[in-house]
Amino acid sequence: MPPKVKVTKEEIIAAALEILRQKGMEAVNARAVAAALGCSTQPIFSNYSSMGALQHDVLAAHICRVARQVRDHAVRVRAEFVDAHPAAGRAQVREIVVVQAVRGLDERDIMAARGVVGRQC
């Protein structure tokens, strides 16, 4: 008999994140994640006591990913702006960086975050 396939929390979160990006948070459920992983729902509930716990980890991972994207893009934009406008003040640089950083996000990440934030607030 072949050994059981082990599914890690990281794999579960990665699959759920892709579902979130493609279809939104409403589509993140045990069956959809299991289908994406090619397994039953058992490994999901072995790692998580509830869908709420899984959704919490997925949201935390998504927020971290978007924050990293914003930070990385902001660093690039700031460097470009400061090089092009060495006399600009700090407030002006900050404003330009924020606007340009948000423009640098992937559209699916923005839509996924919008759906999540809208429900949480």
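1. Helices (H or I, at least four residues) and strands (E, at least two) are DSSP runs, numbered from the N terminus. Glutamine 55, for example, lies in helix H4. The model discussed here is predicted: local features need pLDDT of at least 70 and side-chain atom pairs count only at pLDDT 80 or more, whereas totals for chains, interfaces and linings use all residues. Residues are numbered from 1 along each chain as its sequence is written, and side-chain values use heavy atoms, with hydrogens and water left out.

2. Overall composition. The chain has six helices and zero strands, so that from the N terminus the order of elements reads α-α-α-α-α-α. Of its 121 residues, 30% count as buried; buried means under 20% relative accessible area, exposed over 50%, and partly exposed in between (1.4 Å probe, protein chains only). Contact means heavy atoms within 4.5 Å. Among contacts in the chain with a separation of 6 or more, 57% are made by residues 24 or more positions apart.

3. The nonpolar core. A nonpolar core is a set of buried Ala, Val, Leu, Ile, Met, Phe, Trp, Tyr and Cys residues joined through side-chain atoms within 4.5 Å. The largest one comprises 18 residues, and those with the most contacts inside it are Ile12, Leu20, Val28, Val33, Ile44, Leu54 and Val58. At least two residues of this core come from each of helix H1 (9-23), helix H2 (30-37) and helix H4 (51-84). H1 gives the most, with seven residues.

4. Helix H1. The expected span of a helix is 1.5 Å times one less than its number of residues. For the 15 residues of H1 this should be 21 Å, and the end C-alpha atoms are 21 Å apart, which agrees. Buried residues in H1 are Ile12, Ile13, Ala15, Ala16, Leu17, Ile19, Leu20 and Arg21. After H1 comes glycine 24, with a positive phi near 95 degrees.

5. Isoleucine 12. Apart from neighbours within four places in sequence, isoleucine 12 contacts Val7, Val33, Leu37, Pro43, Ile44, Asn47, Tyr48 and Leu54.

6. Packing of H1 on H2. The axes of H1 and H2 come within 9 Å and cross at roughly 110 degrees. H1 is therefore roughly perpendicular to H2. Axes are lines fitted to C-alpha atoms, for helices over the stretch in contact, and angles run from 0 to 180 degrees between N-to-C directions; those under 35 degrees count as roughly parallel, over 145 as roughly antiparallel, 65 to 115 as roughly perpendicular and the rest as oblique. On the H1 side, Glu11, Ile12, Ala15, Ala16 and Ile19 meet Ala32, Val33, Ala36 and Leu37 of H2. By class, this contact has eight nonpolar, no polar and one charged residues (Ala, Val, Leu, Ile, Met, Phe, Trp, Tyr, Cys and Pro count as nonpolar, Asp, Glu, Lys and Arg as charged, and the others, Gly among them, as polar).

7. Alanine 32. This residue lies in helix H2 and is partly exposed, with a relative accessible area of 24%. Leaving aside neighbours within four places in sequence, alanine 32 is in contact with Ile19 and Ala27. Alanine 32 and isoleucine 19 are 13 residues apart in sequence, with their C-alpha atoms 7.8 Å apart.

8. Arginine 21. Located in helix H1, arginine 21 counts as buried at 13% relative accessibility. Its C-alpha atom is separated by 9.1 Å from that of histidine 62, 41 residues apart along the chain.

9. Glutamine 55. This residue of H4 is partly exposed, with a relative accessible area of 26%. Glutamine 55 touches Met25 and Val28, not counting residues up to four places away in sequence. Between glutamine 55 and leucine 17, 38 residues apart in sequence, the C-alpha to C-alpha distance is 9.6 Å.
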